[in-house]
Amino acid sequence: MKRAATAIAAAALPVLTRLDPELAHDLGLTGLKWMRPLWPTHSFPAELSVSCCGLRFAHPVGLAAGFDKNGDYLDALGALGFSHVELGTVTPRPQPGNPKPRMFRIPGSLALINRMGFNNKGVDHLIARLSRSRYRGIRGISIGKNFDTPIESAQDDYAACLRKVYAHADYVAVNVSSPNTARLRELQDRDGLQRILGTLLDERVALQERHGKRVPLLVKVAPDLSEAQVSALAQQVHSLQLDGVIATNTSSDLNVLGTPVAAERRGGLSGAPLHHLSVKVISQLRAELGADFPIIGVGGIVSADNARETLRAGANLLQIYTGFAYRGAGLLEEIMRRLPAQREPT
């Protein structure tokens with residue numbers, strides 16, 4: 001059964017890469033949903049498991065937010081063997097996102113540019129899907145604000161999402177670093193972080209008592225921060241006693257591509273060119289936050305070698321996105337084959 005599923009998925013990839021990227025994304029997810037019965041039940045060696053944020057992950061490799069914004073394909077994606085799937089980013093109200101086309105391939109660079117704009121069906125739809133899911137791995141949920149919510153009121157949107165997802169989430173990621181929602185990255189500044197994270201941490205006190213569980217809160221940061229900004233962010237994460245950091249989101253610096261990008265194709269860059277930026281931020285965060293602080297590494301992991309470099313930089317867990325879009329389940333299998341070597345101390 002696994003051979004059949006792998007062969008079908010591998011045969012579909014070249015076809016999908018000839019289509020519009022967003023259409024290919026949607027068709028690929030639909031195909032995975034139909035193929036789900038062909039994937040076997042996964043079991044992983046105990047030595048690959050990772051304890052992080054008070055949670056037990058079967059192994060380090062998960063799927064980053066943005067691939068399944070609405071929870072419509074969680075069971076299908078989970079069947080591939082990810083230890084965790086991060087859903088969202090979800091907002092309080094449904095929103096269509098930015099006008100199409102809004103996703104572009106840079107195939108020679110194994111990269112994508114997207115300006116999706118938090119398109120999603122709203123938090124209520126996500127919760128309805130989660131209540132019917134049979135996925136047994138770790139469920140992360142990324143939360144954000146609606147595009148038309150003033151930045152000064154952003155904490156209200158984040159709090160509204162947290163209240164609704166709390167009972168269904170194993171951890172919650174606070175997305176303040178997408179470049180595709182106007183002014184959102186201002187929330188990474190000291191005052192913005194204090195307002196958003198302070199509100200959410202206070203809200204969690206009541207939610208923890210109501211639901212009888214403590215859901216970890218992590219913040220997702222940009223790869224474009226200066227060393228001084230990373231240092232300031234690390235100090236604030238320490239002072240707020242946040243549970244973890246996800247590093248990093250997409251980059252708004254397209255100069256790393258080496259060629260000009262037309263204005264209508266500008267957005268957040270992901271994929272191979274992002275890897276060195278992500279590793280640099282992870283390395284500094286590890287140095288600033290200490291050996292035991294949870295860090296999820298994401299950004300430019302398109303090979304097992306990239307995965308090893310991200311772990312060596314200090315990440316406890318990994319997430320893939322663009323590499324998975326280009327290479328499919330083969331990338332997950334490649335990383336898994338080499339995980340024992342990757343987890344050796346440096």
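Leaving aside neighbours within four places in sequence, Ile106 is in contact with Ala111, Ile113, Leu257, Arg265 and Tyr326. These contacts, like every value reported here, were computed from a predicted model. Ile106 belongs to strand β5, which spans residues 103-106, and, because its relative accessible area of 19% falls under the 20% limit, Ile106 counts as buried. Phe82 lies 24 residues from Ile106 along the chain, and the C-alpha atoms of Ile106 and Phe82 are separated by 26 Å.

Two of the residues that Ile106 touches, Ala111 and Ile113, point one way from strand β6 (residues 111-114), while Leu112 and Asn114 point the other way, and all four of these residues are buried. Strands β5 and β6 pair in the antiparallel sense over four bridges, with Phe104 standing opposite Ile113 in β6. The hairpin formed by β5 and β6 has four residues between the strands, and within this hairpin Leu110 adopts a positive phi near 50 degrees. Strand β6 also pairs with β11, again in the antiparallel sense and over four bridges, and the bridge partner of Ala111 in β11 is Gly271.

A separate arrangement of strands forms a closed barrel of eight members, which runs β3-β4-β7-β8-β9-β10-β12-β13 with parallel pairing. On average, neighbouring strands of this sheet are turned by 25 degrees against each other when direction is ignored.

Helix α8 itself covers residues 275-289 and has 15 residues; the distance from its first C-alpha to its last is 21 Å, close to the 21 Å expected at 1.5 Å a residue. The buried residues of α8 are His275, Leu277, Ser278, Val279, Val281, Ile282, Gln284, Leu285, Arg286 and Leu289. Just after α8, Gly290 takes a positive phi of about 95 degrees.

Helix α11 (residues 329-337) contains Glu334, which counts as buried because its relative accessibility is 15%, under the 20% limit. The side chains of Glu334 and Arg327 are joined by a polar contact of 2.6 Å. When residues up to four places away in sequence are not counted, Glu334 touches Ser303, Ala304 and Arg327.

A search of the whole structure finds zero disulfides. Cys52 is accordingly in no disulfide, and the nearest cysteine sulfur to that of Cys52, belonging to Cys53, is 4.0 Å away.

Conventions:
Residues numbered from 1 in each chain as written. Predicted model: local features only at pLDDT ≥ 70, side-chain atom pairs only at ≥ 80, totals over all residues. Heavy atoms only, no water. Helix = DSSP H or I, 4+ residues; strand = E, 2+ residues; numbered from the N terminus. Buried < 20%, exposed > 50% of the residue type's maximum accessible area, 1.4 Å probe, protein only. Polar contact = N/O pair within 3.5 Å; in protein donor to acceptor, adjacent residues only side chain to side chain. Contact = heavy atoms within 4.5 Å. Disulfide = S-S within 2.5 Å. Pairing = 2+ DSSP bridges. Axes fitted to C-alpha atoms, helices over the stretch in contact; angles between N-to-C directions. Expected span 1.5 Å × (residues − 1).
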